Amino acid sequence: MKALEKVSAFFGNTFAVWVLLIAVAAFVYPQGFTWIGNYIVWLLGIIMFGMGLTLSGSDFKEVAKRPKDVAIGVAAQFLIMPLLAFGLATLLPLSPQVAVGVILVGCCPGGTASNVMTYLAKGDTALSVAVTSVSTVLAPILTPSLILLFASKWLPVSPGDLFISIAKMIIIPIVLGIIVKMLLGKKVEAGVKVLPLVSVICIVAIVGAVVGGSKEQIASTGLAIFAVVVLHNMLGLLLGYWAARLFKMSPPKQKAISIEVGMQNSALGAGLASVHFSPLAAVPSAIFSVWHNISGALVATYYRKQAEKLEAKGDRSPSKTA
């Protein structure tokens, strides 16, 4: 079992590399991955079931302990990224499908990868987990509402159908995961340790399906979509940081909010786009899956080094000022 845990940790730590490799493979040999498109909803459900297995009462107790911090993080999550996405889609010459795809990923809740990056950055990990949990729970209501508000300019949007899909993809699997954890207790701990491997397999499969199904569109518009995704992500990281500073939050909290805002649940975006719009609309989410793990790691490294410099000077560590 320990060998499997090491393999799981290795794949979790090299996640971005595997996503990139599968994306390239799917572009070169699309017919080997397009069949996975029929199982995207199930794959996302497996990821969310794993999230449910990892949640604990302490994650939600954090909300009660400091509701203001969590509220700031959730508000920043659901305001900054959707507004940025709408602005980019409006200002740049994007096709309707790509514009909706950018908005869709912007309206998704934060992903669990942000929790890992916050930890590596010496940020407030407990706050990051709490914001991810709350934004995920609110996603069935807020994500369809925001997509209707911002994306209906380009394509018809059915918020009711989106609500049902998000409930199926996120809420039901998470609730099932929580129930299984409650029933089995410590028996699930061994399984939880291999979740990074399961998550990597599921996410790279989703990315492979999206890239394989959109090869021709990516060949003609891939660079433009990549540029929009990078800009969206980097502005999200920056504005998330400044939003936290505006409310005079401590440095560890600033890091947590910055990373939480900039990193999205792009697997959900890809799933919703594939089911309700088109394979091309899922491409921004697929590219986001690759890029935000690279940018998140770079930003986490920068934040960590800044903290270490302060520690070396004898200042009080920012990671203790939460």
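Here are some notes on this predicted model, point by point.

1. Ground rules. Since the model is predicted, local features need pLDDT of at least 70 and side-chain atom pairs count only at pLDDT 80 or more, while totals for chains, interfaces and linings use all residues. Numbering runs from 1 along each chain as its sequence is written, and side-chain values use heavy atoms, with hydrogens and water left out.

2. The main core. The largest nonpolar core has 85 residues, and I103, I206, V210 and L268 touch the most other members. Helix α5 (residues 67-91) supplies the largest share of this core, 11 residues. A second, separate core has 8 residues, including L237, I259, M263 and V299. For the terms: a nonpolar core is a set of buried Ala, Val, Leu, Ile, Met, Phe, Trp, Tyr and Cys residues joined through side-chain atoms within 4.5 Å. Buried means under 20% relative accessible area, exposed over 50%, and partly exposed in between (1.4 Å probe, protein chains only). Helices (H or I, at least four residues) and strands (E, at least two) are DSSP runs, numbered from the N terminus.

3. Around I206 and A205. Leaving aside neighbours within four places in sequence, I206 is in contact (heavy atoms within 4.5 Å) with I40, L43, L44, I47, A267 and A270. A205 sits in helix α11 and is buried, at 15% relative accessible area. Not counting residues up to four places away in sequence, A205 touches I36 and L43.

4. In helix α14 (residues 266-276), 8 of the 11 residues are buried, so α14 is largely enclosed by the rest of the structure. The buried ones are S266, A267, L268, G269, A270, G271, L272 and A273. Their cover includes α3 (40-54), α6 (96-106), α8 (125-151), α9 (159-184), α11 and α15. Helix α6 is also largely enclosed by the rest of the structure, because 9 of its 11 residues are buried. Those are V98, A99, V100, G101, V102, I103, L104, V105 and G106, and they pack against α5, α8, α12, α14 and α15.

5. The second largest pocket. About 370 Å³ of space lies in this pocket, where a volume is the space filled by probe spheres set on grid points joined across faces, edges and corners. The definition works on a 1 Å grid over the protein atoms alone: a pocket is an open set of points where a 1.4 Å probe fits, with protein on both sides within 12 Å along at least five of seven lines, and lining residues have an atom within 4 Å of a point. There are 17 lining residues, with L20, A23, I218, F226 and I287 nearest the centre. The elements giving two or more residues to the lining are α2 (15-28), α11 (195-213), α12 (215-246) and α15 (279-312), and α15 gives the largest share, 6 residues. By type, the lining divides into 16 nonpolar, 1 polar and no charged; here Ala, Val, Leu, Ile, Met, Phe, Trp, Tyr, Cys and Pro count as nonpolar, Asp, Glu, Lys and Arg as charged, and the others, Gly among them, as polar.

6. Aromatics. The whole structure has 7 aromatic pairs. Rings of Phe, Tyr and Trp (its six-membered ring) pair if their centres lie within 6.5 Å; planes under 30 degrees apart count as stacked, over 60 as edge-to-face and the rest as tilted. Y241 and W242 are edge-to-face, because their ring centres are 5.7 Å apart and their planes are at 85°. Y241 and Y303 are stacked, 6.3 Å centre to centre with 25° between the planes. Y241 is partly exposed at 21% relative accessibility, W242 is partly exposed at 46%, and Y303 is buried at 11%. Y241, W242, Y302 and Y303 form one aromatic cluster.

7. Lysines to look at. K253, in helix α13 (residues 251-262), is buried with a relative accessible area of 14%. K122 has a positive phi near 60° in a residue other than glycine; K122 lies in the loop between α7 (113-120) and α8 and is partly exposed at 25%. K248 also has a positive phi, near 55°, but sits in the loop between α12 and α13 and is exposed at 75%.
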